[in-house]
Amino acid sequence: MTPSRMEILTWLSDEKPADVAALRARADDVRQAEVGDEIHLRGLVELSNHCIRKCGYCGIRAGNPNITRYRMSAAEVMACATRARELGLGTVVLQSGEDPGLDAEQVAHLIRSIKAMDLAVSLSLGERSDDELRLWRAAGADRYLLRFETSNEELYARVHPDHPGRSRDRLEQLRRMRRLGYEIGTGMLVGLPGQTREDLVDDIMVLGDLDPDMIGIGPFLPHPDTPLGQEMPGDSPTGQVPNTSGITCNVVALARLVCPQANIPSTTALATLDPVQGRESALSCGANVIMPNLTPARYRSLYEIYPGKATPAGECGEEVVALQKRLIEIGRPASVGRGDSPAWLARSRSHEEGGTR
């Protein structure tokens with residue numbers, strides 16, 4: 001049964017260990033019933049750290065003078081895709097800043113080339129035009145991730161200003177992408193300066209209304225070379241949501257209850273905040289996706305959207321093999337195949353059946 005608004009607020013405000021454990025156990029039961037025990041592994045490729053946006057917390061924001069910019073070549077991206085296939089990963093995630101220098105046709109060519117390897121393709125390239133989204137979907141892109149970050153419009157404008165001359169509604173863009181046939185992914189940050197528990201309840205209700213196929217939830221970790229990274233913690237108002245692993249995992253659990261069939265990753269940001277237990281904590285309260293980083297080592301440190309980002313120090317293949325072994329040990333083996341959300345599969349079947357009538 002989907003929790004009510006009051007129940008969600010109560011859970012977000014309750015710090016009693018027994019009650020927190022009960023919430024997480026309930027979410028884990030729903031996860032097992034709706035999406036099973038297998039973990040979907042997605043190979044992440046951070047193909048560019050160029051960005052035209054000036055988000056108040058992101059290390060690759062436009063105007064940051066303390067960053068070396070890069071764009072991966074097509075050959076470098078395809079080498080990562082080949083590695084993903086060798087490691088048994090079913091999806092390649094192409095992620096970047098909002099970079100107009102990534103030509104739409106070049107991205108479409110990458111999508112077609114990766115799809116020819118029998119891999120699914122997820123995109124996380126920021127706010128793009130409908131023409132670009134249609135082109136990439138026609139090229140074979142399967143999924144698109146665009147986090148709304150917070151449903152509080154005033155807070156959103158403060159931390160994520162519009163690009164000059166352009167104002168976008170991310171939730172409406174997600175709806176348009178769904179109509180184009182994408183699996184859509186979104187999510188929010190936990191602990192934004194000025195964020196209250198009531199704001200988080202609103203965010204979770206938005207998830208329920210949108211019913212996305214993927215949900216990414218992570219703690220707010222501002223980069224020091226950003227305006228928000230230089231603010232003192234003492235400036236936070238009374239009622240501020242902390243950016244702890246504990247409340248982030250509670251929000252993951254609530255997202256699972258509200259969107260039982262979504263794919264929910266255990267995010268790198270959570271693993272950065274809690275290197276020992278962060279990843280497995282999220283897996284125990286509703287998460288069912290992990291995204292190993294396949295980006296070449298020479299670029300990983302340059303894609304620093306927040307400080308101390310948890311990325312493998314050695315070869316990505318070694319990390320993935322160790323991860324696959326650990327998942328078997330905890331009874332959550334890695335899946336084989338694309339790992340589409342059950343809700344998207346049901347919509348696709350319904351659409352195909354409707355088209356044959």
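Biologist: Is Cys55 buried or exposed?

Modeller: Buried means under 20% relative accessible area, exposed over 50%, and partly exposed in between, with a 1.4 Å probe and protein chains only. Cys55 has a relative accessible area of 10%, so Cys55 is buried. Keep in mind that this is a predicted model: local features need pLDDT of at least 70, side-chain atom pairs count only at pLDDT 80 or more, and totals for chains, interfaces and linings use all residues. Residues are numbered from 1 along each chain as its sequence is written, and side-chain values use heavy atoms, leaving out hydrogens and water.

Biologist: How many disulfides are there?

Modeller: A disulfide is a covalent bond between the sulfur atoms of two cysteines. The cut-off here is a pair of cysteine sulfur atoms within 2.5 Å, and the count is zero. For Cys55, the closest cysteine sulfur belongs to Cys58, 6.1 Å away, so that's too far for a bond. Cys249 is in no disulfide either, with the sulfur of Cys285 nearest at 4.3 Å.

Biologist: And how many aromatic pairs turn up?

Modeller: Rings of Phe, Tyr and Trp (its six-membered ring) pair if their centres lie within 6.5 Å; planes under 30 degrees apart are stacked, over 60 edge-to-face, the rest tilted. The whole structure holds three pairs. Tyr70 and Tyr299 are stacked, because their ring centres are 4.5 Å apart and their planes at 15 degrees. Both Tyr70 and Tyr299 are buried. Tyr144 and Tyr182 sit 6.0 Å apart, centre to centre, with planes at 85 degrees, so that pair is edge-to-face.
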